[in-house]
Structures are given as structure tokens and as C-alpha cells.
Amino acid sequence: MLEKGATAPDFELNATPDQKIKLKDFKGKNVILAFYPADWSPVCSDQMALYNEMLKYFSKYDAQIFGISVDSVWCHLAFEQDRKLHFPLLADFEPKGKVSKAYGVYDEEVGESKRALFVIDKEGKIAWSYLSPTAVNPGADGILDALEELTKK
Amino acid sequence: MSTLKPEVSSHDHIQGAASAAITIVEFGDYQCPYCGDAYPIVKEIQDAFGDQIRLAFRNFPLQESHEFAYGAAVAAEAAALQDKFWEMHDALYENQYRINADLFEELAETIGLDLERFQQDVEAANVKQKVEADFESGVRSGVNGTPSFYVNGTKFDGNASDLYQMLKESTS
């Protein structure tokens, strides 16, 4: 897993069937990457639903969040609509898990991304990373602490 | 290990004596079914341990997932201004199965609030700020779903039944 200080590998992934997100287009902004195993986990403890409520805290720190899993764009779209998510979910679908592997957070055995968080600073360097046990939703306190640290600089 | 930020203070709604050895803080959402399930168990814990524990409740409404959660949190905080926070808290959980936008005034009437004042207070900025401050406290404390419990300031990894079991073991 990539650690603090490493350059965040660039990527280009679909957020919708006709929209691609390039990490390098977000230089000058803080970026949060939340890798997670799969769409459609139970509602109340769902990590993406939690981040959805926190967008205003993230924007306070000039940060954009992306969820990333190996689910396809169509699956992401249905999931976003069902959960009313207001941030992009990226499909690490083809070649499967390529970006997750680049960040060192791909679980080869189950063929899914691990549950991992990265905060990337405005210059594209990893400022903080965290690998959570797959069954545990890591919350957002670590993300906010890392963003706060960045704005202090 | 996540810790509670800020600590329990006079800004919190608290049941139980300040001298209690164990302080439990619950972050809850009035529309969350898991919180509804936890409600009677938390009552059992309070009955079983009496003066040994005190309970504080902070709002953690997942507004995007639960349409009426924020309104319910505001209703409870408005009731608090008439010293009836816990009456509203209990009424909301006991009527969770039929939660909707009209429920709050009905419950306000049932628990004997001054309705006119209640209607003003649910619109008041300080009431909304209290709900948002609670939510932010949850975010900073590592709340990752509802209900989340903190025992003497440390996040408890489990649901209300697990909490009951842990307390039984640690006080026996």
C-alpha cells in the first residue's frame, strides 16, 4: 500500500458511461480516494452513505472525494441513485482492479479492492493513507484529521 | 481507537447521575432502524445498572438516507428547550414505525409541549446548530454508522446488545 510522501499514481476511470475522471485534473485541490470492496453493502453502516453526509466538511477543506471499487459504471449508477449519493463513484473495472493494484490495495483472493483511504495533497502527493479491516467502516475522522493537517501548512 | 470529541458537557442531554462510574454516549438517528432496535435495549441497560451509568444522546441524522431524520433531531432539540428532550426522544423511537413530517407536532402535543413555542423553535437557528454540532462531533469522533456508542470516551465496537453484555461482564 502506498504511504505518505509517495506520488499518487495518475489514473483515468469512468464515473459514468460517458464521463472519465483524471486524477491529474484535480491538481490544486485536495483529493480523497476511498477504495471499497463493493456497492450495495447494508444501509446504516454504509461507508459511502456516511461520506455522502460529509461533503460539506470535505469542501470546507477544498477536498473532492471519489469512491472506487471494481463494480461497473452501470452498477455504480444504480447504487448512486438508490442511495442518493452526491459524489462520483469510479469504476476500476477494465482492466479489473488496475488502479487498486497501483495503490497497493487490491485483494487478489476475492478480486475486490480492499477498504482503504488516501488523502492526496494539492501537489499530487499522498498525505495520509489508511487500510481498514474489510468488515469495518473506517468512518471519516482520519480523513478530516489529515485534511486539517494539510491546511495548517 | 477513536475517542469522543468533545467530551460530555452541560451541552449534552444526560440521564443519570454525574457521579456514575460509566458514561455512555449514543450517537443516534431517529429514523435508523438499527437505532430503533437499540432503543429498548438501552432502556434495559439503564434499568439494570441504575446509578452506575449515565447516558448522553447526540444527534447523528443521515439526512440523505433518511428523509425525516433531520426533522426528528430538530424536534427533539426543540423539545429540549421546554425541558422535554427525553420525552420526545422516547416518543420518536416508540413511533419510529410511522415516522413522517406530521408526526413531530403530534408528539409535541402528546408530551405536553407549548405547541406555538415548539413551532417557532423547530425553525430556530440555535436548534439547527445544536444538531449540526452533534453531527460534527460524531464525524470527529469516528462515528461510522448509527447507533455508535462511546463508553467513558472510547468508541465501543458493537451494538446495544454487545454493550449490555460487556457491562454485565465488567460490573459482575
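**Fold and interface of chains A and B**

Chain A holds five helices and nine strands (DSSP runs: helices are H or I with at least four residues, strands are E with at least two, numbered from the N terminus). This is a predicted model: local features need pLDDT of at least 70, side-chain atom pairs count only at pLDDT 80 or more, and totals for chains, interfaces and linings use all residues. Residues are numbered from 1 along each chain as its sequence is written, chains are lettered from A and ligands numbered from 1 in the order written, and side-chain values use heavy atoms, without hydrogens and water.

Q: What radius of gyration does chain A have, against the value for a compact globule?
A: The radius is taken over C-alpha atoms, and the globule rule is 2.2 Å times the number of residues to the power 0.38. For 153 residues, a compact globule would come near 15 Å. Chain A agrees with that, at 14 Å.

Q: How many residues of chain B are in contact with chain A?
A: Contact means heavy atoms within 4.5 Å. On the chain A side, 24 residues take part. On the chain B side, the number is 23.

Q: Which residues of chain B lose the most area to chain A?
A: Buried area is the accessible area (1.4 Å probe) that two parts lose on being put together, summed over both. The two chains bury about 1,800 Å² between them, 51% of it on carbon and sulfur atoms. Three residues together give 39% of what the chain B side buries: B:Glu64, B:Arg140 and B:Asn144.

Q: Why is helix H3 of chain B largely enclosed by the rest of the structure?
A: Buried means under 20% relative accessible area, exposed over 50%, partly exposed in between (1.4 Å probe, protein chains only). Helix H3 spans residues 85-94 of chain B. Its buried residues include B:Phe85, B:Trp86 and B:Tyr93.

Q: Where is B:Pro147 found?
A: The peptide bond from B:Thr146 to B:Pro147 is cis, with omega near -5 degrees. B:Pro147 sits in the loop between helix H6 (125-141) and strand S4 (148-151) of chain B.

Q: What is the relative accessibility of A:Lys84?
A: A:Lys84 lies in the loop between helix H3 (73-83) and strand S5 (89-91) of chain A. Its phi is positive, about 55 degrees, although A:Lys84 is not a glycine. A:Lys84 counts as partly exposed, at 46%.
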